[in-house]
Amino acid sequence: MKNKWGKLNFTQGKINGKIILVGMVLLAIAGLLMTGQDFLRLILDGDIDKIRTAFTGNPLNAFLFMLLVMMIQNSFTVIPLILVITINITLFGVVNGFLWSWFTSVIAAVLVFIGVRFLFKDLLINRFPPRVLEDVQTKGFTYVFQARIFPFVPTSLINILAGLSTVHFRHFFLGTMFGNFLFFIVLSLIPAGILSSSFSEYELGMILFAAITVFLGLRKVYLRKKRSIINEPLEGSPSKEISK
């Protein structure tokens, strides 16, 4: 049996491998919830100083722990994204913190996408209107990209809708990669001290979304105008007669 996943075809054996991988991730999250309750409480309380102190001298544990935190954020969106990025920047520095936030967000989104598409599709498919899933499939990359930079759409919802739809994995991956890169750059400006902390992630996201929307709109108008100029017949050139 083969299942089409974008342009890639996965045999049943490979799908079983994906299921095992997702199962391992879910077990890791369960282990985190059982053994790392104190750290999760610190994160939910926003006590960044205590988190930094707890991981002093243990960079590997910090990287792994924040990877799992991003997994939870992409699965349930119970932890504010700006808080996760702020903790990463506090622990690893501005550049490394941003890159680790971005990298783990893409990995987490892909794993949730795989889990929904191959494990939980039958369980979740009836919870969303078919027209919403059709919209995701039709727009593909554009839908995922715009949803990533629009702050009012939960990250977990994007992953779930994409997994339930038949959108190509390539479109989901590229939309997530580029959308998160741009959005995370903007969010990283707050803990980096470049922007005032009075800005919320929603305000910054709206600014980014508006800027990109205006850019894409102007680009579309420019390309349409350029296309019309190219197709316009040159002045003085003989017109072609249309035979009837």
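# Chat about a helical model

Colleague: Hi! Which residues have the most contacts inside the largest nonpolar core, and how many residues does that core have?

Modeller: Hello! The largest nonpolar core has 32 residues, and Ile43, Met66, Val69, Ile79, Leu81, Ile87 and Phe184 have the most contacts inside it. A nonpolar core here is a set of buried Ala, Val, Leu, Ile, Met, Phe, Trp, Tyr and Cys residues joined through side-chain atoms within 4.5 Å. Buried means under 20% relative accessible area, exposed means over 50%, and partly exposed is in between (1.4 Å probe, protein chains only).

Colleague: Which helices each supply at least two residues of this core?

Modeller: They are α2 (37-45), α3 (48-54), α4 (59-76), α5 (81-92), α6, α9 (141-149) and α11 (169-188). The element that gives the most to this core is α5, with 8 residues. Helices (H or I, at least four residues) and strands (E, at least two) are DSSP runs, numbered from the N terminus.

Colleague: Before we go on, what sort of model is this?

Modeller: It is a predicted model, where local features need pLDDT of at least 70 and side-chain atom pairs count only at pLDDT 80 or more, while totals for chains, interfaces and linings use all residues. Residues are numbered from 1 along each chain as its sequence is written, and side-chain values use heavy atoms, with hydrogens and water left out.

Colleague: Thanks. What is Ile43 in contact with, leaving aside neighbours within four places in sequence?

Modeller: Ile43 is in contact with Ile51, Phe65, Val69, Ile79, Leu83 and Ile87, once those neighbours within four places are left aside. Contact means heavy atoms within 4.5 Å. Apart from the core we began with lies another core, of 21 residues, among them Ala109, Val110, Leu124 and Ile158.

Colleague: Let's zoom out. How many helices and strands does the protein chain have?

Modeller: The secondary structure comes to 12 helices and 2 strands. Reading from the N terminus, the elements run β-β-α-α-α-α-α-α-α-α-α-α-α-α. The chain has 244 residues, and buried residues make up 39% of them.

Colleague: Now α10. Where does Asn159 sit, and is Asn159 buried or exposed?

Modeller: Asn159 lies in helix α10 (residues 155-164), and Asn159 is buried, with a relative accessible area of 0%. The helix is largely enclosed by the rest of the structure, because 9 of the 10 residues of α10 are buried. Those buried residues pack against α4, α6, α7 (121-124), α8, α9 and α11.

Colleague: What does the Asn159 side chain make a polar contact with?

Modeller: The side chain of Arg148, at 2.6 Å. A polar contact is a pair of N or O atoms within 3.5 Å; within protein, one must be able to donate a hydrogen and the other to accept it, and residues adjacent in sequence count only if both atoms are side-chain atoms. Not counting residues up to four places away in sequence, Asn159 also touches Asn74, Ala109, Val112, Phe113 and Phe172, among others.

Colleague: What about Asn88?

Modeller: Asn88 is found in helix α5 and counts as buried, at 0% relative accessibility. A polar contact of 2.8 Å joins the side chains of Asn88 and Ser101. These two are 13 residues apart in sequence and 6.7 Å apart in space, C-alpha to C-alpha.

Colleague: Switching to charges, how many salt bridges does the structure hold?

Modeller: The structure holds 1 salt bridge. In it, the side chains of Asp135 and Lys139 meet at 3.6 Å, N to O. The definition asks for a side-chain nitrogen of Lys or Arg within 4 Å of a carboxyl oxygen of Asp or Glu.

Colleague: How are Asp135 and Lys139 placed in helix α8?

Modeller: They are 4 residues apart in α8 (residues 130-139), so about one helical turn separates them. Asp135 is partly exposed, with a relative accessible area of 29%, and Lys139 is partly exposed too, at 44%.
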